[in-house]
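The model comes first, then the notes by topic.

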Amino acid sequence: MKPAEIRELSDDQLAEKLKETRAELFNLRFQMATSQLDNTARVKTVKKDIARILTEQRAREIAAEKAAAAE
């Protein structure tokens, strides 16, 4: 996923997408352990997607805290 795509998602969609990507990473790790994984680069891209989602969630938390403090 591209960062712009992630920014467009709502909070609930972000949480769901995080859940899906973590499940995908889990399955990829199993495939790698059993030598069934063809595209090993996919693991790296899924990890980056997880990091992007977590970063966006944290940025939204910080923005909400600043908004609450400003009131």
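Arg 60 is partly exposed, with 22% relative accessible area (buried is under 20%, exposed over 50%, partly exposed in between, using a 1.4 Å probe and protein chains only). The model is predicted: local features need pLDDT of at least 70 and side-chain atom pairs pLDDT 80 or more, while totals for chains, interfaces and linings use all residues. Residues are numbered from 1 along each chain as its sequence is written, and side-chain values use heavy atoms, without hydrogens and water.

**Salt bridges between helices**

- The structure has five salt bridges (a side-chain nitrogen of Lys or Arg within 4 Å of a carboxyl oxygen of Asp or Glu).
- Arg 60 pairs with Asp 11, with the closest N and O atoms 2.8 Å apart.
- Asp 11 is in helix H2 and Arg 60 in helix H3 (residues 41–70), so this bridge ties together parts 49 residues apart in sequence; helices are DSSP runs (H or I, at least four residues), numbered from the N terminus.
- Asp 11 is exposed, at 51% relative accessibility.
- A salt-bridge network links Asp 11, Glu 56 and Arg 60.
- Glu 24 and Arg 42 form a salt bridge at 2.6 Å, N to O.

- Arg 52 and Asp 49 form a salt bridge at 3.3 Å, N to O.
- Arg 52 is partly exposed at 34%, whereas Asp 49 is buried at 8%.

**Aromatic pair**

- One aromatic pair is found in the whole structure (ring centres of Phe, Tyr or Trp, its six-membered ring, within 6.5 Å; planes under 30 degrees apart are stacked, over 60 edge-to-face, the rest tilted).
- The ring centres of Phe 26 and Phe 30 are 4.9 Å apart with planes at 65 degrees, so the pair is edge-to-face.
- Both Phe 26 and Phe 30 are exposed.

Note on methods:
Helix = DSSP H or I, 4+ residues; strand = E, 2+ residues; numbered from the N terminus.
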